[in-house]
Amino acid sequence: MSHHYDAATALVVVDVQNDFADPGGSLYVHDGEAVVAPLNDEIDAARSAGATVVLTQDWHPMESPHFTDGGGTWPRHCVRGTWGAELHHDLNADADLLLRKGTGGEDGYSAFTVIDPRTAARSATGLAAYLDARGVTSVVIGGLAADVCVKATATDAHDAGFVTTVLWSMTRAVEIEPGDGDRARMGLVEAGVTVAG
């Protein structure tokens, strides 16, 4: 069953890319491919209702302080122009905006802000302004991964003043530590985000 969409709503589909959503990906999220079909239904519903559809992509340079070999947290993933960075081949890519994040080596967890891993300086991606200009007041989020980029995107959306809903059944968690997914869900609820499904 789809969320209710209208012209004041945006659906943000986070990072449904091969490196996360395909078992051959370098940072595969267990069962990540299972989010594709239901998110396609949401995209169709959002499109039919005149809602805004945004797809995001991690789009990192080859060398980055975001990666473990550059001093960061994560194995090399979603390097721009590679198979791993491409959207999953079954995802409906019919969107108003394709937002690429982490393009300069930042920690691009959220669709709304990126963080310099060396200085912790936070910069806006322009998404909030884009949605404001389109008259959007509520944001619906699904994609990968629940405990990282989905959580960061939902937290920022809420903090930017959007009524925010995460379609929990349409996301999966990385779980670097067991229980990270449950903790992310609890944290979102405590922050005032609606977690549906």
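In which sense do strand S1 and S2 pair, and over how many bridges?

Modeller: Happy to! Keep in mind that this is a predicted model. Strand S1, residues 9-14, pairs with S2 in the parallel sense, and five bridges link the two. One of the places to look is valine 14, whose bridge partner in S2 is threonine 56.

Now turn to the other neighbour of S2. Strand S3, covering residues 97-101, runs parallel to S2 and is joined to it by five bridges.

Strand S2 itself spans residues 52-58, and seven of its seven residues are buried. In a regular strand, side chains alternate between the two faces of the sheet. In S2, Thr52, Val54, Thr56 and Asp58 point one way, while Val53, Leu55 and Gln57 point the other way. Residues on both sides are buried.

A search of the whole structure turns up zero disulfides. Cysteine 78 has its closest cysteine sulfur in cysteine 149, but the two sulfurs are 8.7 Å apart, too far for a bond, as a disulfide needs them within 2.5 Å. Cysteine 149 is likewise in no disulfide. Cysteine 78 counts as buried because its relative accessibility is 0%. Cysteine 149 is buried as well, with a relative accessible area of 6%.

Definitions and conventions:
Residues numbered from 1 in each chain as written. Predicted model: local features only at pLDDT ≥ 70, side-chain atom pairs only at ≥ 80, totals over all residues. Heavy atoms only, no water. Buried < 20%, exposed > 50% of the residue type's maximum accessible area, 1.4 Å probe, protein only. Helix = DSSP H or I, 4+ residues; strand = E, 2+ residues; numbered from the N terminus. Pairing = 2+ DSSP bridges.
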